[in-house]
Amino acid sequence: MRSTSFTVRGTDEAWRRHWRRMPEPGWHDLFALTKRGAASMEGDLRPLLQNLQYFKDLLALPRRLPETN
């Protein structure tokens, strides 16, 4: 496996709900997902936190795509 500095993992439900055009409270943010136990962040979180807005914007990009149910 490829080595990583940090990982962000979430359940299928977490990403589906996070990527809705207008996510509900508790599903709207990376830290909200971890607080509810639907996602986790592991490893050296320094690069994540130093570039937090970039990663939040990157993880929100699928919201621009048409929703499929």
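User: Which backbone oxygen does the side chain of His-18 reach, and at what distance?
Analyst: This is a predicted model. In it, His-18 sits in helix H1, which covers residues 12–18. Its side chain reaches the backbone oxygen of Trp-27, and the distance is 3.0 Å.

User: Is His-18 buried or exposed?
Analyst: Contacts beyond the sequence neighbours of His-18 include Pro-23, Leu-30, Leu-59 and Arg-63. The relative accessibility of His-18 is 4%. The cut-off for burial is under 20%, so His-18 counts as buried.

User: Which residues make up the largest nonpolar core?
Analyst: In soluble globular proteins, nonpolar side chains tend to be buried together. Here the largest such core has six residues. Leu-33 is one of them, and its contacts outside four places in sequence include His-18 and Gly-26. The core consists of Ala-14, Trp-15, Trp-27, Leu-33, Ala-38 and Ala-39.

User: How many residues apart are Arg-9 and Glu-42, whose side chains meet in a salt bridge?
Analyst: The N to O distance in this salt bridge is 2.4 Å. Arg-9 belongs to strand S1 (residues 6–10) and Glu-42 to strand S2 (residues 39–43). The bridge thus links distant parts of the chain, and the separation is 33 residues.

User: Are Arg-9 and Glu-42 buried, partly exposed or exposed?
Analyst: Arg-9 has a relative accessible area of 45%. For Glu-42 the value is 39%. Buried needs under 20% and exposed over 50%. Arg-9 is therefore partly exposed, and Glu-42 is partly exposed.

User: Which parts of the chain does the salt bridge between Asp-29 and Lys-56 tie together?
Analyst: The side chains of Asp-29 and Lys-56 meet at 3.0 Å, N to O. The two residues are 27 apart in sequence. Asp-29 is buried at 17% relative accessibility, whereas Lys-56 is partly exposed at 26%. The parts tied together are the loop between H1 and helix H2 (30–35), which holds Asp-29, and helix H4 (residues 52–60), which holds Lys-56.

User: Which residues do salt bridges with shared partners join into one network?
Analyst: The structure holds six salt bridges. One of them pairs Glu-24 with Arg-20 at 2.6 Å, N to O. Glu-24 is partly exposed at 29% relative accessibility, and Arg-20 is partly exposed at 32%. The network joins Glu-13, Arg-17, Arg-20 and Glu-24.

User: Are the rings of Phe-6 and Phe-55 stacked, tilted or edge-to-face?
Analyst: A pair of aromatic rings is described by the distance of the centres and the angle of the planes. For Phe-6 and Phe-55 the centres are 5.3 Å apart and the planes stand at 90 degrees. Planes over 60 degrees apart meet the angle cut-off, so this pair is edge-to-face.

User: How many residues apart in sequence are the parts that Phe-6 and Phe-55 tie together?
Analyst: Phe-6 is buried, with a relative accessible area of 18%. Phe-6 lies in strand S1 and Phe-55 in helix H4.

User: Which residues do ring pairs link into a cluster?
Analyst: There are three aromatic pairs in the structure. Tyr-54 and Phe-55 have ring centres 5.3 Å apart and planes at 80 degrees, so they pair edge-to-face. Tyr-54 counts as exposed at 52% relative accessibility. The cluster contains Phe-6, Tyr-54 and Phe-55.

User: How far apart are the C-alpha atoms of Thr-7 and Glu-24?
Analyst: Thr-7 lies in strand S1. Its side chain makes a polar contact with that of Arg-9 at 3.1 Å. Outside four places in sequence, Thr-7 is in contact with Ser-40, Met-41 and Glu-42. Glu-24 is 17 residues from Thr-7 along the chain, and their C-alpha atoms are separated by 24 Å.

User: What pattern does the chain follow along the sequence?
Analyst: The chain has four helices and two strands. Its C-alpha atoms fill a box of roughly 35 × 25 × 20 Å along the principal axes. Among contacts between residues at least 6 apart in sequence, 58% join residues at least 24 apart. Read along the sequence, the pattern is β-α-α-β-α-α.

User: What share of the residues in the chain is buried?
Analyst: The accessible surface of the chain is about 5,300 Å², and 53% of that belongs to carbon and sulfur atoms. The chain has 69 residues. The buried share is 25%.

Technical notes: Residues are numbered from 1 along each chain as its sequence is written. This is a predicted model: local features need pLDDT of at least 70, side-chain atom pairs count only at pLDDT 80 or more; totals for chains, interfaces and linings use all residues. Side-chain values use heavy atoms; hydrogens and water are left out. Buried means under 20% relative accessible area, exposed over 50%, partly exposed in between (1.4 Å probe, protein chains only). A polar contact is a pair of N or O atoms within 3.5 Å; within protein, one must be able to donate a hydrogen and the other to accept it, and residues adjacent in sequence count only if both atoms are side-chain atoms. Contact means heavy atoms within 4.5 Å. A salt bridge is a side-chain nitrogen of Lys or Arg within 4 Å of a carboxyl oxygen of Asp or Glu. A nonpolar core is a set of buried Ala, Val, Leu, Ile, Met, Phe, Trp, Tyr and Cys residues joined through side-chain atoms within 4.5 Å. Rings of Phe, Tyr and Trp (its six-membered ring) pair if their centres lie within 6.5 Å; planes under 30 degrees apart count as stacked, over 60 as edge-to-face and the rest as tilted. Accessible areas come from the Shrake-Rupley method with a 1.4 Å probe; for residues, only the protein chains shown count as cover.
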